[in-house]
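Here is a short report for a first look at this structure. Keep the sequence and the 3D view at hand while reading.

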Amino acid sequence: MTVTAPLVRVEGLRKLFPLNQGLLRPATSFIHAVDGVSFAIAPGKSLALVGESGSGKTTTGKLLVRLLHPTDGQIVMRLNDADVAVTTLKGDRVRAFRRHVQMIFQDPYESLNPRRTIYDTVAEPLYVQGIGNVLDRQERVAELLTLVGLTPPSTFMFRFPHELSGGQRQRVAIARALVINPAFVVADEPTSMLDVSIRASVMQLMQRLAEHLHVTYLYITHDLAVARYMSDRLAVMYLGKIVEMGDTEEVLHHPQHPYTQALLSAVPVPDPGWKRTPIEIKGGVSKPVNPPPRCRFYDRCPLAAKICEDNDHPPLEDKSAGHYVACYRA
Ligand SMILES: Nc1ncnc2c1ncn2[C@@H]1O[C@H](COP(=O)(O)OP(=O)(O)O)[C@@H](O)[C@H]1O
Ligand SMILES: [Mg+2]
């Protein structure tokens with residue numbers, strides 16, 4: 001058996017945002033948005049990052065595509081048979097890196113420039129990267145619009161975002177992300193702002209394109225049903241930490257972390273196969289500002305005990321064949 005190298009490898013990733021910084025005053029408070037996150041994604045596979053709002057999902061995605069710079073940690077991507085240390089790239093190498101990665105954002109109304117035609121929007125990455133001549137670009141944009149179901153492409157190319165529905169705009173955003181044939185795409189809740197009636201078709205589209213174009217995804221969502229549909233593996237995030245990670249079906253059928261169990265017991269559509277221990281968690285998500293070293297979930301955890309209070313946040317340990325859990329009590 002040959003072991004393929006992961007396409008994305010993340011080690012000890014951290015991002016702290018200073019809170020009370022002044023011109024002459026260094027910050028003393030930090031939001032620990034991402035705090036020691038490690039994972040890997042195999043080529044052609046997708047990892048879903050799941051958790052409530054404020055858990056650090058978007059920050060993780062932005063770090064991976066270099067829209068943010070980490071406080072600490074490593075990101076290594078395997079691109080064109082070479083390891084690329086994403087966090088230390090500079091100048092021209094950043095531009096070259098951007099040829100391989102793209103991010104699709106949550107809000108299709110905000111992410112498209114209202115003054116640019118659909119053609120200009122989708123073709124922009126080709127211009128930035130200097131790929132092809134004008135005819136090549138027109139052909140490539142038409143091909144992508146067709147792939148995302150905006151057909152015939154000639155009727156969409158010279159329209160503006162406001163003439164399109166939310167679902168059509170998100171299809172444009174997907175076409176734009178895929179036009180340079182990226183190896184890796186971060187999709188940040190791309191269907192959460194869409195009408196329920198069209199979510200499924202956009203998800204199906206992304207699935208189909210991933211297979212067709214061999215894209216590797218980090219799929220960010222707060223919705224476990226969406227994660228189940230879109231991912232091979234699942235990582236559950238809570239206040240900057242991954243608390244559980246593994247094969248998607250395994251985690252959903254045998255959740256071990258009390259936070260995952262709580263998320264699952266709140267899923268409205270019951271699936272008889274999912275283990276649904278009715279579990280209530282106290283309070284809401286807070287902001288991880290200068291958090292104490294103990295388990296991040298301590299204050300809300302129904303299983304909290306002395307061991308959890310006396311020790312650092314538990315390590316993410318392999319409990320059985322690639323099913324990782326960070327809990328002293330699970
Ligand atoms: N640019 C920023 N400056 C300060 N705090 C931020 C910034 N971006 C995110 N945060 C904070 O970091 C935490 C994680 O945010 P985010 O990554 O957006 O979470 P999610 O996508 O899971 O909702 C939150 O507490 C948020 O308020
Ligand atoms: Mg977010």
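## Terms and numbering

Axes are lines fitted to C-alpha atoms, for helices over the stretch in contact, and angles run from 0 to 180 degrees between N-to-C directions. Helices (H or I, at least four residues) and strands (E, at least two) are DSSP runs, numbered from the N terminus.

This is a predicted model: local features need pLDDT of at least 70, side-chain atom pairs count only at pLDDT 80 or more, and totals for chains, interfaces and linings use all residues. Residues are numbered from 1 along each chain as its sequence is written, while chains are lettered from A and ligands numbered from 1 in the order in which they are written.

## A pair of helices

Helix α5 (residues 166–178) and helix α6 (residues 196–213) have axes that come within 11 Å and cross at roughly 15°. The two are therefore roughly parallel to each other (angles under 35 degrees). On the α5 side, the contact (C-beta atoms, placed from the backbone, within 7 Å) is made by Gly167, Gln170, Arg171, Ile174 and Leu178. α6 brings Ile198, Val202, Leu205, Met206, Leu209 and Leu213.

By class, this contact of α5 with α6 has 8 nonpolar, 2 polar and 1 charged residues. Here Ala, Val, Leu, Ile, Met, Phe, Trp, Tyr, Cys and Pro count as nonpolar, Asp, Glu, Lys and Arg as charged, and the others, Gly among them, as polar.

## The sheet of 8 strands

An open sheet of 8 strands runs in the order β6-β7-β8-β3-β9-β10-β12-β11, with mixed pairing. Two strands pair if DSSP finds at least two bridges between them. β6 (101–104) and β11 (317–320) are the edge strands, each pairing on one side only. The twist averages 20° from one strand to the next.

α1 packs on this sheet and touches β3 (46–50), β6, β7 (184–188), β8 (216–221) and β9 (233–238). Its direction makes about 155° with that of β8.

## The sheet of 4 strands

Another open sheet has 4 strands in the order β2-β1-β4-β5, and its pairing is antiparallel. Its edge strands are β2 (30–41) and β5 (82–85). 4 bridges join β4 (residues 72–79) to β5. Met77 has Val84 in β5 as its bridge partner.

## Around ligand 1

Which element supplies the largest share of the shell around ligand 1? α1 does, with 3 residues. Both β2 and α1 (57–64) supply at least two. The shell residues divide into 3 nonpolar, 7 polar and 2 charged.

Note on methods
Angles under 35 degrees count as roughly parallel, over 145 as roughly antiparallel, 65 to 115 as roughly perpendicular and the rest as oblique. Two residues are in contact if their C-beta atoms, placed from the backbone, lie within 7 Å.
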